[in-house]
Amino acid sequence: MASILTVRKGWIYSSLKGMKMKFRFTMVTMLVLVSLGFVSAAIDETVKRGERIHVIEVDGIINPVSAKYIVGSIDRALEEDAQCLIIILDTPGGLMESMRQIVKKILSAQVPVVVYVGPSGARAASAGVFITMAAHVAAMAPSTNIGAAHPVTLGGKEQDKAMMEKIVNDTVAYAKSIARKRGRNAKWAAEAVEKSVSITDEEALKSKVIDLVSPSLDDLILELDGRKISLDDKKTLVLKTEGAEVTKISMTWKDRLLNAISHPQIAYLLLLLGMMGIYFEISNPGAILPGVIGGIAIILAFFALQVLPINFAGLALMILGVILFIAEIKVTSYGLLSVSGIISLLLGSIMLIDNPTEYLRISWQVVVPAVAVSAGFFIFAVTMAIRARLKKPTTGIEGLVGSIGIAESDFRPDGQIAVHGEIWSAESGDKIKKGDKVEVIKVDKLTLA
């Protein structure tokens, strides 16, 4: 209702819907009006702060980069007083340590966190199960699935039965604790870890694994409106998402780069590129560019490998392969060292990230072409280096032997000849006439013979 207040001669005249009212203007009245003004301003500020939703997208392996992205986004949503943070999730899983870091942050977050497994066709597998269950609100898009959270040992190493049982039991307890914290199906959470069960969005809703099934982000935002969220034992709030402003928070270019190179296939290719660049620089000192590119590629590869479950025996075999190629230049092995280098490089590539989980393995479609190209490069470089060593010198004193010169005058035994545009003292046991062509047999200090 709109009203007009007018102060005149100690009285306040108010016009409200055509009705005129007047109040005695006193100090008490003034204090009441000022207080009402502050309350109104506070209400307006609360509404303004509530009309904002942050949205991020996590598509790929859960690793330290994605963990940093999610944790940072939660902090930013809290700092900017966002109504909630929605995480659009599509992941095959990832590293346990990164997952635990994310879950710990979500469980203690002072801003509502909503995990939305979407769009259609997406999945929340392995580490994604824990992240979804930890959310204040868990939602899925139609035709999505969640599950298969059985732990996998890093590097594909075989664990003894007792140790593996400990790992599984610890993970089961962790999953059940998260489910109970959010009032979700703890029994299914345990089965997802122990038996690697996976269910559809409809089954997840029916089994109380998630809270909502929403066709799109817009539908999810509408369904969140009016939902009560308990941030902790003492604080509860009601979401007001209808008509709220949606702000999408993207990864920084640096995080996108680091996230891209953390993929096993990219890390592997960077490692090969770095080895080739450094090898070329060692074989041809002063080339500079190959060495710089190789050094950068090696550093990026090592960054990626430190967050991936690598097998150090595989890495050692790859390095040994490069050493064997270098040795081929110095040792005459008739190709034996090169063949050994190719075999070592191939075995090292296969073993580098030997993990039973598909998304943490290097596929054969990448290994075979990469090894073939690398072997071709090294063999070509070795061949050129050997040819350079065997090639007759063309400069310096050694380069004069075998050269053809022209006699500058008649002489026997001493005279002068022109070789390579220069006049040299020469001696010969045969009689030489001016203009005759002569061959340099040897060089004795500054005299040609």
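Of the 449 residues in the chain, 41% count as buried, meaning under 20% relative accessible area, with exposed set at over 50% and partly exposed in between (1.4 Å probe, protein chains only). The model is predicted, so local features need pLDDT of at least 70 and side-chain atom pairs pLDDT 80 or more, while totals for chains, interfaces and linings use all residues. Residues are numbered from 1 along each chain as its sequence is written, and side-chain values use heavy atoms, leaving out hydrogens and water.

The chain holds 14 helices and 20 strands; these are DSSP runs numbered from the N terminus, helices being H or I of at least four residues and strands E of at least two.

Helix α13 (336-352) has 17 residues and spans 24 Å from first to last C-alpha, close to the 24 Å expected at 1.5 Å a residue (1.5 Å times one less than the number of residues). Its buried residues are L337, S338, G341, S344, L345, G348, S349 and L352. They lie on the same side of α13 because they cover an arc of only 130° around the axis, taken from the directions from the helix axis to the C-beta atoms.

V339, I343, L346, L347, I350, W364 and V368 make a nonpolar patch of about 610 Å². Such patches take residues with over 30% relative accessible area and no salt bridge, nonpolar side chains (Val, Leu, Ile, Met, Phe, Trp, Tyr) being joined within 5 Å and like charges within 9 Å; a salt bridge is a side-chain nitrogen of Lys or Arg within 4 Å of a carboxyl oxygen of Asp or Glu. α13 gives the largest share, five residues. V368 lies in α14 and counts as partly exposed because its relative accessibility is 45%.

Key: Areas by Shrake-Rupley, 256 points an atom, 1.4 Å probe, with all protein chains shown as cover.
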